[in-house]
Amino acid sequence: MVKYFACVGHLKSSWNQVCIAFWERYPNPYSNHVLTEDIIFREVTPGNCLVSRRLLTKTNRAPRWMEKYLPVTMARHAYIIEDSIVDPQNRTMTTLTWNISHARMMSVEERCEYRINPDNTSWTEINREAWISSNLYGLSRAIQEFGLARFKTSVAKTMKGFEYVLAKMQGETPSRTLAEHATERARETALAAKEKAKDLASQAHKKQQYV
């Protein structure tokens, strides 16, 4: 069984601006999980379309409840392939992304189409689809539910990241302030420290049981 998700988003910028921002969107305060981006292949077709393939490296922390089912040596990073086609004549940009790491545990495929909003030609419309699946016996349903929830959160961050980059391109002050960014990072650090403290306390308790 595959989880399917679809949504439509809008950016209050022209299609040309969004296409430029697409290549400039990393880094931004909403994309701390994106570590690297590398162009693998790029060409301009006879029809004047720009075809690209990129390799993205992202953090891939599994939820606490899932970690006990995974190998201890499993990497904390995930590799993502991103294919894109920019068609300047028809004013569309289509992207397809999928993970090549841990695909048996969870596979996430996403297709996005960026086009001019028919109701407001100065805006850009994004039609997004995603397919989430898992082949991990006994846990596939739970993993798919987790993957869908994480994907929805990622979409919200992606849109905010786009808005941030577009605002900088247009010489505006991004809505995301450094103070807000610092506060979020501090919160993430505090949560990580709390989890580590729990782990250490649990290990200490186990040792006491064997004394």
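The following questions and answers concern the predicted model shown above.

Residues are numbered from 1 along each chain as its sequence is written. In this predicted model, local features need pLDDT of at least 70 and side-chain atom pairs count only at pLDDT 80 or more, while totals for chains, interfaces and linings use all residues; side-chain values use heavy atoms, with hydrogens and water left out.

Me: What percentage of the residues in the chain is buried?
Reply: Buried means under 20% relative accessible area, exposed over 50%, and partly exposed in between (1.4 Å probe, protein chains only). The chain has 211 residues, and the buried share of them is 36%.

Me: Within what arc do the buried residues of helix 1 fall?
Reply: Helix 1 covers residues 15-24, and Trp 15, Val 18, Cys 19, Ala 21 and Phe 22 are buried in it. Seen down the helix axis, these buried residues line one face of helix 1. The arc is that of the directions from the helix axis to the C-beta atoms, and its value here is 165°.

Me: Which residues does Gln 144 touch, apart from those up to four places away in sequence?
Reply: Gln 144 belongs to helix 3 (residues 140-169) and is buried, at a relative accessible area of 4%. With contact taken as heavy atoms within 4.5 Å, Gln 144 touches Met 1, Lys 3, Ile 132, Ser 133 and Ser 134.

Me: With which residues is Thr 97 in contact, leaving aside neighbours within four places in sequence?
Reply: Thr 97 lies in strand 5 (residues 92-99). Thr 97 is buried, its relative accessible area being 14%. The residues in contact with Thr 97 are Ile 80, Ile 81, Glu 82, Val 108, Glu 109 and Glu 110.

Me: Which residues are linked with Arg 54 in a network of salt bridges?
Reply: A salt bridge is a side-chain nitrogen of Lys or Arg within 4 Å of a carboxyl oxygen of Asp or Glu. Arg 54 forms one with Glu 82, the closest N and O atoms being 2.7 Å apart; this pair joins strand 3 to strand 4 across 28 residues. Arg 54 is buried at 3% relative accessibility, and Glu 82 is buried at 2%. The network linked with Arg 54 comprises Arg 25, Glu 37 and Glu 82.

Me: How far apart are the closest N and O atoms of Arg 53 and Asp 83?
Reply: The whole structure contains 7 salt bridges, and Arg 53 forms one of them with Asp 83. The pair links distant parts of the chain, with Arg 53 in strand 3 and Asp 83 in strand 4, 30 residues apart. Arg 53 is partly exposed, with a relative accessible area of 32%. The closest N and O atoms of the pair are apart by 2.6 Å.

Me: Which peptide bond is cis, with omega near -5°?
Reply: Most peptide bonds are trans. Pro 27 is located in the loop between helix 1 and strand 2 (34-44). The cis bond runs from Tyr 26 to Pro 27.

Me: What is the phi of Arg 91?
Reply: Most residues other than glycine have a negative phi. Arg 91, in the loop between strand 4 (77-87) and strand 5, is partly exposed at 35% relative accessibility. Its phi is positive although the residue is not glycine, with a value near 55°.

Note on methods. Helix = DSSP H or I, 4+ residues; strand = E, 2+ residues; numbered from the N terminus.
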